[in-house]
Amino acid sequence: MSRYSLENYEKYKTVKIRPEPLSPKSDVSNHGLFEYVAFSWKELEPDRGEYRLEGIQEALNTANNPVLVLTPDLPGWVKDDADDCFAALVRKVGSYIDADRRLAAVVISTLADSKEEWNAYIDSFETQTLLADLQNDKLIRHLRERSHGFGLLVKCSEENWIECCEAFARNHLQKVWKSYPVVLHVTDDACGPHSRREAYRWHATLSNVNIGLGYNLTLRRLTYPETVSSRGSLPLRFWFVNTGSSRIYRKFQLWVQLKQGEVSYELPLLGGTDSWLTGDLVHNEMIPLQDMPAGKYTLSVGLFFEDRSYIPLNIRNQQQDGYYEMGTIQVEITDEDPLMNIWDSYDPEGYYPLEDPKLPEAD
C-alpha cells in the first residue's frame, strides 16, 4: 500500500473486502432463458362462457421464466364480433392470473389488432409486464397514448436484424430496457453473430436460446469499520458491478447479517435498488444497530427478492441461505456512538490531493 493511498487518510479503521469472482465456467445460471406458456382460445373457452384455465397454473409450475401467449384460434361457437369476444377472454384470463409472480411477461397477441383487444390487456394485467411486438408501430403508439409502460418482444434473425435496429430507432425505443424488459425471440435454429451482438446493444434480458443474457452481479468491494458500538452506527460502503446485459426487473432489497454463534441479526438497507442498471453500482449507508452483546460477529451480505429467494452473486465467498460471508466485525459496549456523524465532514470515497493543483504557466 502506498503511503499516499486513501487508506492512510481514513477517519476510522476499516476492513476492505474484495471478493474473488467466480470463473466463467462456474456460472451455470439460466435466468436469461424463457419459455412460452401458450394457450389457444379454443382450449381455454371451448363453449361460450365456459372457461378452462387450470392448465395455465399447471404450466407455470414447470416453465422457466414463463411468458404467456394467448393465441386467437377461433372456437367453433364464434360467429360475429370475434375481436370483442377474444377481448373478453383476455379480461377473464387477466383477472384469473394477474397477481401470479411466477409469470415473467404477457405477450399482447390479438385477433384483429383492435383497441378493444389492446385495452383488455392493459386493463386486466395491471401488475404484469406486457410485451409489445417491436414491429407493431400502432400498438406501441397506443400504449404510449394510454401512458402504459411496456416491454418489447423482438423477433430477430440473421436476415432481419437490420430491420429490428430500424424499428428501435423509428419508435425511439432505445431506453425501454431501463424500465421494462426486452425479450429476444431468435427465429433461426441458432443465434447468429449479428443477433447476438444486437441483443446486448438492446440490453435484452431474456431469450428463447441460451446466449448469456440477463444480469450478472458481482460485489467488487465492501468497506466497513473494524469496530462498532452496540446501539450505534454501522457505516457500509458497497461497490457492486452488473456485468450482464440487463438490469434486474423484479423488486429486491439489500440485507446485512451479523451473526455470533446461534444469535443472528438481519438488517435491511434502504438502497435504491430499483434504479440499479448495468455497470458500476455504488451504495453508501449508515445502519443503526440494535442492542447487541459485545463480541466478534460474522458480517454477511445478501440480495433478496420479495419472496425471499436470493440473487446469486458472482463471487467465491461462502454462502448460506442467500447470505455471502464477508468478514468479521467487533461490537463493543460504549457510552456514545463515535461513528454516527463520521461522514459529515469528509467524503469516504473522495480523492484528497496533498496540495492544490497549480495553474499552468503562460507561454
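Visitor: Which way do the seven strands of the open sheet pair, parallel or antiparallel?
Guide: Parallel, in the order E2-E3-E4-E5-E6-E7-E8. This is a predicted model, in which local features need pLDDT of at least 70, side-chain atom pairs count only at pLDDT 80 or more, and totals for chains, interfaces and linings use all residues. Residues are numbered from 1 along each chain as its sequence is written, and side-chain values use heavy atoms, without hydrogens or water.

Visitor: What makes E5 and E6 a pair?
Guide: Three bridges join E5 (residues 130-133) to E6 (residues 151-156). Two strands pair if DSSP finds at least two bridges between them, so these two qualify. Ala-132 stands opposite Leu-152 in E6.

Visitor: Why is E5 called a strand?
Guide: A strand is a DSSP run of E, at least two residues, numbered from the N terminus; a helix is a run of H or I, at least four.

Visitor: How does helix H6 run relative to E6?
Guide: H6 (residues 161-170) lies across E6 and E7 (182-186), at about 155° to E6. Axes are lines fitted to C-alpha atoms, for helices over the stretch in contact (heavy atoms within 4.5 Å). Angles run from 0 to 180 degrees between N-to-C directions.

Visitor: Why do E1 and E14 count as edges of the four-strand sheet?
Guide: The order is E1-E9-E11-E14, with antiparallel pairing. E1 (14-17) and E14 (279-288) each have a single partner strand, so one side of each lacks a neighbour in the sheet.

Visitor: What makes the largest pocket a pocket, and what is its volume?
Guide: On a 1 Å grid over the protein atoms alone, a pocket is an open set of points where a 1.4 Å probe fits, with protein on both sides within 12 Å along at least five of seven lines. The volume is about 1,400 Å³, counted as the space filled by probe spheres set on the points, which are joined across faces, edges and corners. Its lining has 45 residues, Arg-101 and Tyr-249 among those nearest its centre; a lining residue has an atom within 4 Å of a point.

Visitor: Where does pLDDT stay under 50?
Guide: Over residues 351-355. The score is the predictor's confidence in each residue, from 0 to 100. The chain averages 91. Where pLDDT is low, the predicted coordinates should not be read in detail.
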